[in-house]
Amino acid sequence: MKLDLENPLTSSEEHQSDTITYLFASEFDHMPSRNLLNFLETCDHFYVSFRHEAISLILQAQYSCNCGPFIPYLAVNFMDRFISRMEIPQGKPWILRLVVVSCLSLAAKMENTDFSISNFQGDEAGFIFDNKTINRMELLILDTLDWRMRSITPFSFVHFFISLSQLKDPALTQTLKDRATEIIFKAQNEIKLLKFKPSIIAASALLVASKELLPLQFPSFKFSISAFECVKEFNVGVRASLRAPRLIPWALKLTTM
């Protein structure tokens, strides 16, 4: 079954009476562990460099392999979660390439997309992996992530939060969603945002987009999001992020780029 990042649940999970409640309750399981955040926050050179280069390679695949933006996004999600739970040996640059290729391969499989590994390998670095080696790394990643590959991401919450705006114009709703999606894509590269849960990133991206596109509706939209029961019940922290915003100014800066 193809993974839809906006609705990552499998058919066996869709029987639940409150899907959005389930998403809020489960999003922690699809985030990097605190280990990676500690490494990055203390400016551990190896992990900062590893993540920066890995993301750069993953984004290159979007062009060299002609795939859509969701595959690189999902691959970065897998990579962040994997390196936060698995100690990466230093001094072996081929490991970075193997992790990147394997995460891209897994993301393409989740999207049911024909992804050619050969188009991505054989560049100037000279690292070429056979299918057996890639498959072994894929199994290691799967096992490390407890086979939770139907990732809960900010996209899983966008539709719900947009519904709180009570917009009646479909075209305006789509414009708001498109702008929030653009912000979410850009936000994934920022190390500081790894500490935020997917729901916070989704809510904040939509608030940034609504403040830009719908300034008159922004105050009521902000109130609706911060007052939502699941936000309070699961301590998502949207209220705190709005009162002492750390994500929103950064995201607003992106709107000028």
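A cavity is a set of grid points where a 1.4 Å probe fits but cannot get out, and its lining residues have an atom within 4 Å of a point. In the predicted model described here, 4 cavities of 30 Å³ or more are present. The largest cavity has a volume of about 270 Å³. It is lined by 21 residues, of which Tyr73, Asn77, Gln188, Leu194 and Ile201 are the closest to its centre. Two or more lining residues are given by each of α4, α8 and α9 (198-213), and α4 gives the most, with 5 residues. By class, the lining of the largest cavity divides into 13 nonpolar, 4 polar and 4 charged residues. Because domain 1 (26-145) and domain 2 (154-256) both give residues to this lining, the largest cavity lies between them.

The secondary structure of the chain consists of 13 helices and 0 strands. Buried residues account for 50% of the 257 residues in the chain. Among contacts with a separation of 6 or more, 79% are made by residues 24 or more positions apart.

The largest pocket was examined next. The volume of this pocket is about 210 Å³. Its lining is formed by Leu59, Gln62, Tyr63, Pro69, Pro72, Tyr73, Phe185, Lys186, Gln188 and Asn189. The elements that give two or more residues to this lining are α3 (45-64), α4 (70-85) and α8 (170-187). The largest share, 3 residues, comes from α3. The lining of the largest pocket comprises 6 nonpolar, 3 polar and 1 charged residues. At least three of the lining residues are drawn from each of domain 1 (26-145) and domain 2 (154-256). Tyr73 and Gln188 are listed for the largest pocket and also for the largest cavity.

The largest nonpolar core has 77 residues, and those with the most contacts inside it are Phe78, Met79, Ile88, Phe157, Phe161 and Leu206. Helix α5 (residues 93-110) supplies the largest share of this core, 12 residues. Each of domain 1 (26-145) and domain 2 (154-256) contributes at least three residues to the core.

Helix α7 (residues 155-163) is mostly covered, with 7 of its 9 residues buried.

Most residues other than glycine have a negative phi. Asp146, although not a glycine, has a positive phi of about 55 degrees, and Trp147, likewise not a glycine, has a positive phi of about 60 degrees. A residue is classed as exposed when its relative accessible area is over 50%. Asp146 therefore counts as exposed, at 52% relative accessibility. Trp147 has a relative accessible area of 55%, so it is exposed.

Conventions
Residues are numbered from 1 along each chain as its sequence is written. This is a predicted model: local features need pLDDT of at least 70, side-chain atom pairs count only at pLDDT 80 or more; totals for chains, interfaces and linings use all residues. Side-chain values use heavy atoms; hydrogens and water are left out. On a 1 Å grid over the protein atoms alone, a cavity is a set of points where a 1.4 Å probe fits but cannot get out, and a pocket is an open set with protein on both sides within 12 Å along at least five of seven lines; lining residues have an atom within 4 Å of a point. Grid points are joined across faces, edges and corners, and a volume is the space filled by probe spheres set on the points. Helices (H or I, at least four residues) and strands (E, at least two) are DSSP runs, numbered from the N terminus. Ala, Val, Leu, Ile, Met, Phe, Trp, Tyr, Cys and Pro count as nonpolar, Asp, Glu, Lys and Arg as charged, and the others, Gly among them, as polar. Domain bounds come from an automatic or database domain assignment. Buried means under 20% relative accessible area, exposed over 50%, partly exposed in between (1.4 Å probe, protein chains only). A nonpolar core is a set of buried Ala, Val, Leu, Ile, Met, Phe, Trp, Tyr and Cys residues joined through side-chain atoms within 4.5 Å. Contact means heavy atoms within 4.5 Å.
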